[in-house]
Amino acid sequence: MEKLTVLGKSEIKINPVGLGTNAVGGHNIYPNLDEEEGKNLVRTALEQGINFLDTAYIYGPERSEELTGQVVREHGRREEAVIATKGAHQFKGEDVVFNNSPDFLKQAVDQSLQRLGTDYIDLYYIHFPDEDTPKDEAVGALKELKDAGKIRSIGVSNFSLEQLKEANKDGYVDVIQSEYNLFKREAEEDLLPYARDNNITFVPYFPLASGLLTGKYDETTTFDKDDLRAKSPLFQGETYHKNLEKVDKLKSIAQKKEVKVPHLVLAWYLEQPAINAIIPGAKNKEQVKDNLHTLEVNLTDEDISEIDHIFK
Ligand SMILES: NC(=O)c1ccc[n+]([C@@H]2O[C@H](COP(=O)([O-])OP(=O)(O)OC[C@H]3O[C@@H](n4cnc5c(N)ncnc54)[C@H](OP(=O)(O)O)[C@@H]3O)[C@@H](O)[C@H]2O)c1
């Protein structure tokens with residue numbers, strides 16, 4: 001691993017290119033997933049020096065954590081993996097609610113530890129905010145878990161700026177994870193500057209806009225009706241048409257630089273304030289390996305503003 005970076009204020013070192021594991025046993029997210037293929041994604045990542053693994057209780061539910069944990073154990077060197085997981089979803093009969101109460105989070109961390117088969121979690125995120133719990137109290141519970149050695153760093157996800165400020169009242173937040181990609185750039189207004197000024201790593205999710213920013217789709221592409229892209233607004237009608245035109249412009253920049261579109265896009269995020277880690281998802285091990293080429297892309301200031309301009 002050549003180029004390591006650090007998560008927020010922690011001392012946890014990661015390869016900036018991580019792996020999102022919602023397609024590892026994430027049966028409630030993608031149809032017809034093969035679990036062995038999912039484990040191969042994690043195996044390939046660890047073999048290739050990708051150590052930052054992003055999972056969550058709700059992927060599966062439970063299976064992504066279980067399968068990821070199995071591969072980390074099989075790998076044998078626990079300290080080489082940086083496991084990030086998330087909790088907040090609570091099943092109440094058929095309904096799912098978010099719960100950030102200290103008691104719930106403490107129980108959720110213990111259950112994640114069991115599913116992962118490990119005695120510490122490197123980064124634990126509150127996956128979604130609830131409506132009731134003061135965010136500094138929720139993070140206070142995670143701080144206690146950190147002091148107890150059960151987690152090594154603290155994250156929040158899908159928090160607004162106000163919620164992040166409240167969560168970080170005592171300065172304990174290391175990472176914020178939010179949706180951010182070239183099509184969805186609201187975070188530039190508020191979360192990114194706050195994260196930069198407060199030494200918080202911003203991890204963008206859906207960095208490839210679920211594959212649209214890889215440049216491999218066209219007007220004829222269709223998706224299974226259970227695939228999230230079949231319903232995503234980015235993939236519908238005239239919007240989809242316009243989005244493909246923007247991606248075409250990226251293709252000509254990529255061609256000139258002799259790099260691939262996904263790597264150009266992922267490298268662009270790493271130039272944004274507070275973003276020093278990315279967690280693209282993958283469906284096969286070639287994609288896992290392929291995304292490591294991101295680290296070979298050198299963007300000039302001109303490239304950065306040209307890409308910025310296409311998606312403004
Ligand atoms: N905190 C949250 O609430 C939250 C929400 C969503 C996601 N996440 C996290 O963010 C991670 C990333 O999001 P995501 O996986 O949903 O979407 P994504 O990273 O935007 O897109 C990943 C998809 O792009 C395609 N792809 C990836 N690398 C490629 C390559 N090199 N060449 C060609 N195609 C490639 C694959 O899809 P195909 O092969 O099918 O085209 C892959 O499944 C998730 O795994 C999860 O860990 C977090």
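Buried means under 20% relative accessible area, exposed means over 50%, and partly exposed lies in between (1.4 Å probe, protein chains only). This is a predicted model, where local features need pLDDT of at least 70, side-chain atom pairs count only at pLDDT 80 or more, and totals for chains, interfaces and linings use all residues. Residues are numbered from 1 along each chain as its sequence is written, and side-chain values use heavy atoms, with hydrogens and water left out.

**Exercise 1. Decide whether Lys 260 and Asp 290 are buried or partly exposed, and describe their salt bridge.**

Step 1. Check the distance. The closest N and O atoms of Lys 260 and Asp 290 are 3.1 Å apart, and the two form a salt bridge.

Step 2. Locate the ends. Lys 260 is in the loop between α7 and α8 (261-269), while Asp 290 is in helix α9 (residues 285-291). The pair links distant parts of the chain, 30 residues apart.

Step 3. Compare with the cut-offs. Lys 260 has a relative accessible area of 46%, so Lys 260 is partly exposed. Asp 290 has 18%, so Asp 290 is buried.

**Exercise 2. Describe the bridge between Glu 66 and Arg 63, then look at the salt bridges of the whole structure.**

Step 1. Take the pair. The closest N and O atoms of Glu 66 and Arg 63 are 2.5 Å apart.

Step 2. Locate the pair. Both residues lie in helix α2, three residues apart, about one turn of the helix.

Step 3. Classify Arg 63. Its relative accessibility is 26%, so Arg 63 counts as partly exposed.

Step 4. Widen the view. A search of the whole structure finds 25 salt bridges. Arg 185, Glu 188, Asp 308 and Lys 312 are linked in a network of them.

**Exercise 3. State where Thr 55 lies, whether it is buried or exposed, and what it touches.**

Step 1. Find the loop. Thr 55 lies between β4 (52-54) and α2 (63-75).

Step 2. Classify. Thr 55 counts as buried because its relative accessibility is 0%.

Step 3. List contacts (heavy atoms within 4.5 Å). Leaving out residues up to four places away in sequence, Thr 55 touches several residues, including Thr 21, Ser 64, Ile 83 and Leu 116.

Step 4. Look along the loop. Pro 61 also lies in the loop between β4 and α2. A cis peptide bond joins Gly 60 and Pro 61, with omega about -10°.

**Exercise 4. Describe the surroundings of Asp 130.**

Step 1. Asp 130 is in the loop between β8 (123-126) and α4.

Step 2. Classify. At 10% relative accessibility, Asp 130 counts as buried.

Step 3. List contacts. Not counting residues up to four places away in sequence, Asp 130 touches Phe 98, Asn 99, Asn 100, Ser 101 and Lys 135.

**Exercise 5. Examine the backbone of Asn 32 and Asn 158.**

Step 1. Read the first angle. Asn 32 is not a glycine, yet its phi is positive, about 55°.

Step 2. Asn 32 counts as exposed because its relative accessibility is 74%.

Step 3. Read the second angle. Asn 158 has a positive phi near 60°. Asn 158 is found in the loop between β9 (154-157) and α5 (161-167).

Conventions: Helix = DSSP H or I, 4+ residues; strand = E, 2+ residues; numbered from the N terminus. Salt bridge = Lys/Arg side-chain N within 4 Å of Asp/Glu carboxyl O.
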